[in-house]
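Welcome, and take a moment to look over the sequence and the model. After that, we will walk through them together, one part at a time.

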Amino acid sequence: MRFFKNTKKNEGWLTIAFHGDGIAAASMRRAPAAKPAVAMTAFFPGSVSAEALEKAGKELRAGDYACTTVLAGGEYQMLAVDAPNVPPEELKTAVRWRLKDMLDFHIDDATIDVLDIPVDRHAAARANHSMFAVAARNSVIERRQHLFAAARIGLAVIDIPEMAQRNISALVEPEGRGVAMLSFGADGGLLTVTFGGELYLSRRIDVTLDQLLEPDHDKKHLSFDKITLELQRSLDHFDRQFHFISVSKLVLAPSAATGLEEYLSSNLYTPVESMDLADVLDLSAVPALAAKTEQQRFFVALGAALRHEEKVL
């Protein structure tokens, strides 16, 4: 998923993601027949500004990389729409027309990209073919561009958390089966389902990481109930819509929250397990990533740094 054309650099991708308390950066190395290796992570605490970003860029040698950044959950809308039956060069225009009455802002103020949702390759016909449309206000995209330009960092791609999570989810998929993945951050929970390395479902859950870390037992379990209900609804809907995909398990992204895996295991038919990034990534260059809190902090940045080129639609 990209809003801008990529530029090739020798060192691969450097992701620079913004958190409420600072700037998180990560880069990856890939080698055939080996786990993707984390080359570097860095966190720069404090408020996000052009000055802070420029300083981080210098320390990271950002000019050696193709740089990507990630929008926050509230900075865009992601919608599933019926795929228009038009030539590829007319696709975005046709999708823009379909989004006209679906967005909470005027379509003329939107930057739009699309991502295909693959159909059952064994189906006789391509009925009910859908795709994801991602729309962000032009002002959001322009602010991000201007911030990187002011920091003198070349920005190749603006990504979204769903695609970063998709990249990590693809690493834990059993052959021929799908995986649901659930992560939490400051802007809430994100549920995705992937199959064959492709994104098929995205749902936001209105529960933040801080709520999962709530020391009050009753308040925390109210959040657990809310998560369970949303998961049940979403997975049931997914099963009806994509009957050709068998979801093997629900994987919880790393966090310091406790009790959620056990609660969900007791209330869902789908097997539930918590993830350790060391199972799918080589963390030897960054020993600090052994800690769950560090894995949670860099989860989105690492996922975005795993990006590969999307098929242009």
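**A guided walk**

Ser202 counts as buried because its relative accessibility is 13%, where buried means under 20% relative accessible area and exposed over 50%, with partly exposed in between (1.4 Å probe, protein chains only). You will find Ser202 in strand β11, residues 198-205. Helices (H or I, at least four residues) and strands (E, at least two) are DSSP runs, numbered from the N terminus. Which residues is Ser202 in contact with, leaving aside its neighbours within four places in sequence? They are Met78, Phe132, Glu162, Leu190 and Leu191, with contact meaning heavy atoms within 4.5 Å. Met78 and Ser202 are 124 residues apart in sequence, yet from C-alpha to C-alpha they are 8.2 Å apart in space.

A word on the ground rules: this is a predicted model, in which local features need pLDDT of at least 70 and side-chain atom pairs count only at pLDDT 80 or more, while totals for chains, interfaces and linings use all residues. Residues are numbered from 1 along each chain as its sequence is written, and side-chain values use heavy atoms, with hydrogens and water left out.

Now turn to helix α1, residues 50-60, where Ala50, Leu53, Glu54, Ala56, Gly57 and Leu60 are buried. They lie on the same side of α1 because they cover an arc of only 165° around the axis, the arc being that of the directions from the helix axis to the C-beta atoms. An α-helix has 3.6 residues a turn, so residues three or four places apart point the same way. The buried residues of α1 pack against β1 (13-19), β2 (22-29), β3 (37-45) and α3 (138-150). On the other side of α1, you can see Glu51, Lys55, Lys58 and Glu59, which are exposed.

Next, look for the largest nonpolar core, which has 59 residues. Such a core is a set of buried Ala, Val, Leu, Ile, Met, Phe, Trp, Tyr and Cys residues joined through side-chain atoms within 4.5 Å. Leu182, Ile227, Leu250 and Leu264 have the most contacts inside this core. Helix α6 (residues 217-241) supplies the largest share of the core, five residues. Apart from this core lies another, of 25 residues, including Met28, Leu277, Ala305 and Leu306.

Finally, return to Leu182: not counting residues up to four places away in sequence, Leu182 touches several residues, among them Leu190, Leu191, Ile227, Leu250 and Leu264.
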